[in-house]
Structure formats: C-alpha cells, structure tokens
Amino acid sequence: MKWRCPYCRQEVEVQRLEDLPFLPFCCERCKMADLHGWLSGRYVISRPMEEGDFGDASAAEQEPPPPAAPLRGDPSEN
Ligand SMILES: [Zn+2]
C-alpha cells in the first residue's frame, strides 16, 4: 500500500503501516521536523480572543509585587 507522509507529502510504499518506524511519518527527519513545528508554536490553535482568556485585565495591571523574602545572613549585623 502507499502511505503519504503528512509532513513532506512523499509517498512511500509499505506493506503495513506498522512497517513505518516513524509512523505516521516516512522518516525520523519528518517526525522531528513536525515535532519541532509544534514546539516552536508553528501550529498554534487560533480562535477569536475572548475576554475571559486573560482574566480581569484591570486587576492584572495592578498586580502587587511579591512579598519581600526575609534576608538571611544580613552582613550589617556583623
Ligand atoms: Zn516525510
């Protein structure tokens, strides 16, 4: 049967899909390239922005600084 690699669109002849070591890709290169595409955000899920996506915008702008961590080993005490 013919199998078309979803990445490079190259047709490969295989007896069974299980014969493809990098299923569903024709080779390791395509598999890694496709994976890299996902990781680098090439395939972002696009949909209309909604107000709820970022929570309360006005509250986010007024985010208080994190509480200061207590100093340990203050050199001024020596
Ligand atoms: Zn391929």
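Modeller: Let us begin with Arg9, which lies in the loop between β1 (2–4) and β2; strands here are DSSP runs of E with at least two residues, helices are runs of H or I with at least four, and both are numbered from the N terminus. This is a predicted model, in which local features need pLDDT of at least 70 and side-chain atom pairs count only at pLDDT 80 or more, while totals for chains, interfaces and linings use all residues. Residues are numbered from 1 along each chain as its sequence is written.

Arg9 has a positive phi, near 65°, although it is a residue other than glycine. Arg9 is also exposed, because 9 other C-beta atoms lie within 10 Å, where 12 or fewer count as exposed, 20 or more as buried, and anything in between as partly exposed, with C-beta atoms placed from the backbone.

The next loop, between β2 (11–13) and α1, holds Pro24, and a cis peptide bond with omega about 0° joins Leu23 to Pro24.

Helix α1 itself covers residues 28–39, and it lies largely in the open, since the number buried among its twelve residues is zero. After α1 comes Gly41, with a positive phi near 80°. For the chain as a whole, 3% of the 78 residues count as buried.

Terms used
Expected span 1.5 Å × (residues − 1).
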